[in-house]
Amino acid sequence: MLPSFPLSTLPSLPDAVFAVAWNPVVPGVVATGGGDDRAFLWRVGSAEGTAELGVHGDSVACAAFSADGTRLATGSLDGTVRLWDGATGAPVSTLEGPGEGVEWVAWHPRTRALLAGSDDFTAWLWAADTGATVAVLTGHAGAVRCGAFLPDGRRAVTGGGDGDAALRVWDCASGACLATVDGHGYHEAGIVCLAPSADGGAVLTGSEDNTARLASTASGRPLATLAGHEDSVESVAFVAGLPLLATASLDGTARLWDAATGAPRTACTHPAGVTALAALPAAPLIVTACLDGGVRVWDARSGECARTLTGHRGGVQALALSPDGKAVLTGGDDATAKVFELGV
């Protein structure tokens, strides 16, 4: 197991970092948001070009760049989403509508349409260039804890939290609910995270009921139950190039599963709870963030730890891969964000 230290540590931040994002087009530009109600735009490896973005009314819970890199969206527990220039950090607009906190935002894969979920049981779809509301997605009976566009761009999926535990598939043009996955054979507690398959035919979800589930977006039926975790499943992913699914849990493990059958393959054991994971786009590796302050790189084929990335002095709450998959940006409870080379 090869240890590694940060390639770059961004200047000290005022509070814990909950959200990190990497611009997919503009080299070296990243964003962070956290408990001080502010977001920052950084240029990795340079003291120049750092921009402190305007103050939200509460913690910044999420951040994401548009597919063309021209816009950064930040979502706050104050119920607002703010848009910024993706290269300079200049303010663009504020998107309003949700009545309670916004915990996630997701950009359309090809346009500047933006989706966000709220604690008020709704999800909002905006045309970011005009600020116009395209659709308000209603039907969940709990906070909308996670969501994403499907790869076709015509549909979106959302997961409901406490009191709901349903996955919903939506038509983006009309806002109509196309399918609902819930009830017997599906989650028994709130959905925390989700990831669509590369073809959009299935969605992998993680839940507070300690399981992950795979469901069809066409039929709305559960396909597989991944059982074995002993605490909430906080992050899920499809492993690129391999018939494997990856899950991360507060029980201190990341687990790999057979994508066809849902059978367990291997467990990657950590010293503390695992808060996030990501699968590399061009290598059979997964990266995990842990509450012990470590970031780890695992071989998805064997389940062996290939590298431990150290430097945080508190739990790591968020991570984002660089566009080329060769580095990772992390944010932690120690009020720092760091960039590590993955050695791939």
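Strands are DSSP runs of E with at least two residues, numbered from the N terminus. The model described here is predicted.

**Cavity**

A search of the whole structure finds one cavity of 30 Å³ or more. The largest cavity holds about 40 Å³ of space. Two strands, β4 (29–34) and β5 (38–43), each supply at least two residues of its lining. The most comes from β4, with three residues. The lining also takes in residues such as Leu 13, Pro 14, Asp 15, Ala 16 and Val 17.

**Four-stranded sheet**

Strands β23, β24, β25 and β26 form an open sheet in the order β23-β24-β25-β26, and the pairing is antiparallel. Its edges are β23 (233–239) and β26 (264–269), each of which pairs on one side only. On average, neighbouring strands of this sheet are turned by 20° against each other, direction ignored. Strand β25 (residues 253–258) is joined to β26 by five bridges. Ala 254 has Cys 268 in β26 as its bridge partner.

**Nonpolar cores**

The largest nonpolar core has 16 residues, and Val 287, Val 328 and Leu 342 have the most contacts inside it.

Leaving aside neighbours within four places in sequence, the contacts of Val 328 include Trp 22, Val 287, Leu 319, Phe 340 and Leu 342. Another core, of 15 residues, lies apart from the largest one; among its members are Ala 237, Ala 248, Ala 254 and Leu 256.

Methods: Residues numbered from 1 in each chain as written. Predicted model: local features only at pLDDT ≥ 70, side-chain atom pairs only at ≥ 80, totals over all residues. Heavy atoms only, no water. Pairing = 2+ DSSP bridges. Axes fitted to C-alpha atoms, helices over the stretch in contact; angles between N-to-C directions. Core = buried A, V, L, I, M, F, W, Y, C linked by side-chain atoms within 4.5 Å. Buried < 20%, exposed > 50% of the residue type's maximum accessible area, 1.4 Å probe, protein only. Contact = heavy atoms within 4.5 Å. 1 Å grid on protein atoms, 1.4 Å probe; cavity = no way out; pocket = protein on both sides within 12 Å on 5 of 7 lines; lining within 4 Å. Points joined across faces, edges and corners; volume = space filled by probe spheres on them.
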